[in-house]
Amino acid sequence: MTSAATSGAATAGPSANGGEPLVRVDDLTVDYRNDDQWVSVVKDVSFSIGRGETLGLAGESGCGKTTTALAMFGYNKPGSRVAGGRVTFDGRDLLDLSVRQMQPIRGARISLVPQNPASTLTPSMKVGRQVVETLEGHGVSSGGDAMDRTVELFGQVGLPEPAKIARRYPHQLSGGQQQRVVIAIAIACRPDLIVLDEPTTALDVTTQARLLDLLTHIKDESGMSALYVSHNLGVLEQICDRVAVMYAGELIEIAPTAELFNRPRHPYTRGLIAAVPRVEAEHAGTEKLRGLLRRDDLPDGCGFAPRCPYSRPQCFTDPQRLAEIEPSHHVACWRAPDIEAEATP
Amino acid sequence: MTPLLEVSDVRISYRPRRGLVSRLVRALRSDTTEPVPAVRDASFTINTGETVALVGESGSGKTTLARSIAGLIQPQRGSLRFEGADITRPVYRRPPELLRHIQYVFQNPASSLNPRRKVRYSLGRTLDVFFKLSKAERRDRMAGLLASVHLDPGYIDRYPPQLSGGEAQRVAIAQALAAEPKLILCDEVLSALDVSVQDNILELLRELQAARDVAYLFIAHDLAVVRWLADRVVVLYHGRIVEQGTVEEIFTPPHHPYTALLLDSIPGKGEHQTSALTEDASTVGTAPDAGCAFEPRCQHRIEGVCEVEEPPRLQDSPTHDVLCHLSADDRARVQVRSAAAAVAGAPSEEI
């Protein structure tokens, strides 16, 4: 396969509804500094998010999914650098923008819901004030109008007695209520894209179920796009239009949700699906994931080869690139056709 | 047969603060209300080599109950018996043999292991407290413990921050095993881990149980993870046991309406019957003074009964009891109907 065929548009799956996607990530590579060396934690990742589409990003801890998601904000953590690639949002390359140019976009057009609401909210400020600050900061509304809008937003995210809650401090709210406040802040300026980084992982299953329903409802009403990051494919199955799976910094499979769950092709995706705790039936033991992702012990070829039940000697030496095997279903595994034949009796 | 652990009618409340300022504030507010018990009238048993899952949302009293079994909190009422002997006393009044037999594994291994001490120290300390071993025996035991949780011998010289979440939880489990306990209290041991790692730890727990005949009290908020581990399940809501039975009984309708809600909340099963938009968020986390604690959130409440009278404990089978005003037949009827309604996309009716 030539490098031209694997870069850019060829690997960025088509967006759900055709037309120009809202976000396009092309060959994104992000390095972290480890002593004197730069190590790539995200390698040549390409995908797109259509308008009104929800894309899921799945993978284990340390696979680079959060780093990829944070690239939507044109910045990354200290000690890291973008070594290559582009993130195009509505026609502009976010990675070229300065901090000052990024300011009106961040929070207003692209917003973030992080994992832990307790550490996101300012503990010494009433939660209503924190929403007002966002609205005023982006010049959406101010003063009494901003407060009215805040109460309206709190109602929209299902907080009981919104006016009363607005006068509370974060510690006076439950974890689920705090996360609703964070979601209210994220949707306050009616963004085009909302990035959700494991927003329900710290919460109870019942609270998680209510928040997922709420997010689905908000998306349907507002038509905004979303990038939803999670290690639990069960959660993504429920809320996403398409799902992308990452392993060791690389995108290894991307497909529409139903297609990915009905016909997962990459052995790693099959393992991740088998790992989702379910009530109905136990999954076949052979598909379960073995071992852990070890960044310090990756072969030259496919990163998953050491843990893969289907691996062959070539897997350890030949790098795998995403290739389209069905319309809009891309897999980075040369053995994908055999695996399907072996797995279906 | 005497059960390994017998919890009978346990009631635990957190005492109001007794400092001068707190008392003064209460006096000025003429606040004489009794504290709401964190656990009330809890009774269940755990047999040797058995896994009992304790399931409920945060604040339901799961950890409080586990802590009382470990002797870290004293119940106001009721009794705890271990192999027939009364153990309703704080940890510092328990004989060393009993301390050895009940071990605790916490939710977050990163905070339960001492970050400045090597794995060698954490494991060795437990061995030194409970056993008199020669140097060679001590070394062999530690190697055996690491092997039993599938960690290489080299891990003995690692510090906890050098371990991944799953590895650290394995060390924490090895530390509990070092005491050779009969009962391990596993408090949300999976919540801090990735789903794929959760799966590995579940597998390990099953394997260790088969090899050592150890019993687990397995605390979780997610029913799906207990499905393939537990023998019996105890469902806790607001400090009360609302349903308990064998794992088959809990997962087969009719359920307690709260168990039905927990089952419905498991992600990745498509349509929900109980959505965020039908459930009023203000009812979550509070319980009324009278009647059934779950009544404000219950889709099938009986007006004039559920908010007034304490629900009876119905015996669906000798091993299965449910705290509910609805009979098993009524529950079966509404749960089948709401499942059908969810398929048809219509809201479920109340009976």
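The model is predicted, so local features need pLDDT of at least 70 and side-chain atom pairs count only at pLDDT 80 or more, while totals for chains, interfaces and linings use all residues. Residues are numbered from 1 along each chain as its sequence is written, and chains are lettered from A and ligands numbered from 1 in the order in which they are written.

**Chain A as a whole**

- Chain A has 13 helices and twelve strands, where helices (H or I, at least four residues) and strands (E, at least two) are DSSP runs numbered from the N terminus.
- Its radius of gyration, taken over C-alpha atoms, is 21 Å, close to the 20 Å that the globule rule (2.2 Å times the number of residues to the power 0.38) gives for 345 residues, so chain A is as compact as a globular protein of that length.
- Along the principal axes, the C-alpha atoms of chain A fill a box of roughly 65 × 50 × 45 Å.
- Of the 345 residues of chain A, 48% count as buried, a term that requires 20 or more other C-beta atoms, placed from the backbone, within 10 Å of the residue's own.
- Among contacts in chain A (C-beta atoms, placed from the backbone, within 7 Å) between residues at least 6 apart in sequence, 65% join residues at least 24 apart.

**Contact between chains A and B**

- On the chain A side 36 residues take part, in contact with 33 residues of chain B.
- The elements of chain A that give two or more residues to this side are α9 (205-222), α10 (233-239) and α12 (267-275), and the largest share, ten residues, comes from α9(A).
- The residues of this side of chain A divide into 16 nonpolar (Ala, Val, Leu, Ile, Met, Phe, Trp, Tyr, Cys and Pro), nine charged (Asp, Glu, Lys and Arg) and eleven polar (the others, Gly among them).

**Domains of chain B**

- An automatic or database domain assignment gives domain 1 (49-72 + 90-234) and domain 2 (253-344) in chain B.
- The contact between them takes five residues from domain 1 of chain B and four residues from domain 2 of chain B.
- On the domain 1 side, those residues divide into three nonpolar, one polar and one charged.

- B:E307 lies in the loop between α11 (257-264) and β11 (313-317) of chain B.
- With 16 other C-beta atoms within 10 Å, B:E307 is partly exposed, that is, between the limits for buried (20 or more) and exposed (12 or fewer).
- Not counting residues up to four places away in sequence, B:E307 touches B:P288, B:A290, B:G291 and B:E295.
- B:E307 and B:R11 are 296 residues apart in sequence and 22 Å apart in space, C-alpha to C-alpha.

Terms used
Contact = placed C-beta atoms within 7 Å.
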